Amino acid sequence: MRGVMAVMVLALAAPAWAQQDDAETPAFDRPGLGFSASVLPRGGAALELGLPSYERDRDDDGTRTTQYGTDLLLRVGLGANLELQAFGSPWNRLREAPRNAPSTTTRGAGDSGLALKFALPLESDNHAIALLASTSFDTGSRDFSEGGTQYQLGASYEYTFNDPWSGALYANATRGGGEDEFSWSPSLSLAVSDTVSTYIEAGFTHTNGKPSTSVAGAGVTWMAAGRVQLDASFDLGLDRNSPDLQAGLGVSFYFE
């Protein structure tokens, strides 16, 4: 209930943000598998919320899992092309329904972490590159935790073809919990109007000792107010090892 009330308050506050100056709002990191290849200006802050995320899957034994979760990302511009991030997943709900057996439901928080993002200073207006180094900590509940500290290094490259079209390539390496994981994702975006954009993406992940996974999907963003973005997205599994469906709704705010 408290979460619903908070969303309502933020929604009511949206017109106030719309009345702020017309300076261009920096790119948000959500939605999508990757992140934007830019950082917030010094003193700027962004709050990006997934409300909620959703995942559905059925394994080879017929067990069906359904998970809802909330994602929180706080970004603060430090200047000198640097940005500090804090992230977490305050609430999750997992339902497991085995074949011919009673279902079980668990709730809890996920892991949290910190990250530092650096945008490379490039002279070209068509190219943008950013690096993101992050560490997540084992702060979540048993069913929603990776089980140990993880270290990640990601890179995002964006190229603007023309006013409406742009493309991006994202890659990320993860080490922790005795596993090494590498994932990458190409995407293509189209600005439909001054306030609405869409994109398509694919994602591929390889984890040592485990089957590789691949997904593909799309999303849409809408600048509902000058500094408030709403988003919706989904990804479908392309093989038997990937989740059948991942989807999410989100809202992002920029403060200066």
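Helices (H or I, at least four residues) and strands (E, at least two) are DSSP runs, numbered from the N terminus. By this definition the protein has one helix and 14 strands, and His206 lies in strand β11.

This is a predicted model, in which local features need pLDDT of at least 70, side-chain atom pairs count only at pLDDT 80 or more, and totals for chains, interfaces and linings use all residues. Residues are numbered from 1 along each chain as its sequence is written, and side-chain values use heavy atoms, with hydrogens and water left out.

## Overall form

Along the principal axes, the C-alpha atoms fill a box of roughly 60 × 40 × 35 Å.

Of the 256 residues, 35% count as buried. Buried means under 20% relative accessible area, exposed means over 50%, and partly exposed lies in between (1.4 Å probe, protein chains only). The protein exposes about 14,300 Å², and carbon and sulfur atoms supply 58% of that area. These areas come from the Shrake-Rupley method with a 1.4 Å probe; for residues, only the protein chains shown count as cover.

A contact means heavy atoms within 4.5 Å. Among contacts between residues at least 6 apart in sequence, 51% join residues at least 24 apart.

The protein has 17 positive and 31 negative side chains, and the centres of the two sets lie 10 Å apart. Lys and Arg count as positive and Asp and Glu as negative, while His and the chain ends are not counted. The place of a charge is taken as NZ of Lys, CZ of Arg, CG of Asp or CD of Glu.

## Nonpolar cores

In soluble globular proteins, nonpolar side chains tend to be buried together. A nonpolar core is a set of buried Ala, Val, Leu, Ile, Met, Phe, Trp, Tyr and Cys residues joined through side-chain atoms within 4.5 Å. The largest one here has six residues: Phe35, Ala37, Ala115, Ala130, Leu132 and Tyr170. Apart from it lies another core, of five residues, among them Leu49, Ala225, Val228 and Phe253.

Ala115, a member of the largest core, touches Glu83, Leu84, Gln85, Phe87, Leu132, Ala133 and Ser134, not counting residues up to four places away in sequence.

## Backbone exceptions

Most residues other than glycine have a negative phi, and most peptide bonds are trans. A cis peptide bond joins Arg30 and Pro31, with omega about -5°. Pro31 lies in the loop between α1 (2–18) and β1 (45–58). Another cis peptide bond joins Leu51 and Pro52, where omega is about -10°; Pro52 is found in strand β1.

Asn81 has a positive phi of about 65° although it is not a glycine. This residue sits in the loop between β2 (64–79) and β3 (82–88), and at 31% relative accessibility Asn81 counts as partly exposed. For Asn100, phi is near 60°, again a positive value in a residue other than glycine. Asn100 belongs to the loop between β4 (92–97) and β5 (104–108) and, at 80% relative accessibility, counts as exposed.

## Selected residues and distances

The table gives C-alpha separations for pairs of residues.

| Pair | Places apart along the chain | C-alpha separation |
|---|---|---|
| Val192 and Tyr170 | 22 residues | 23 Å |
| Thr105 and Asp163 | 58 residues | 47 Å |
| Ser145 and Asp111 | 34 residues | 5.5 Å |
| His206 and Leu153 | 53 residues | 15 Å |

The contacts below leave aside neighbours within four places in sequence.

Val192 is found in the loop between β10 (179–191) and β11 (196–207). Its relative accessible area is 53%, so Val192 is exposed. Val192 touches Ser197 and Thr198.

Thr105 lies in strand β5 and is partly exposed at 34% relative accessibility. Thr105 is in contact with Arg93, Leu94 and Arg95.

Ser145 is placed in the loop between β7 (127–137) and β8 (150–160). The residues that Ser145 touches are Asp111, Asp138 and Gly140.

His206, in strand β11, is partly exposed, with a relative accessible area of 41%. Asp180, Glu181, Phe182 and Ser212 are in contact with His206.
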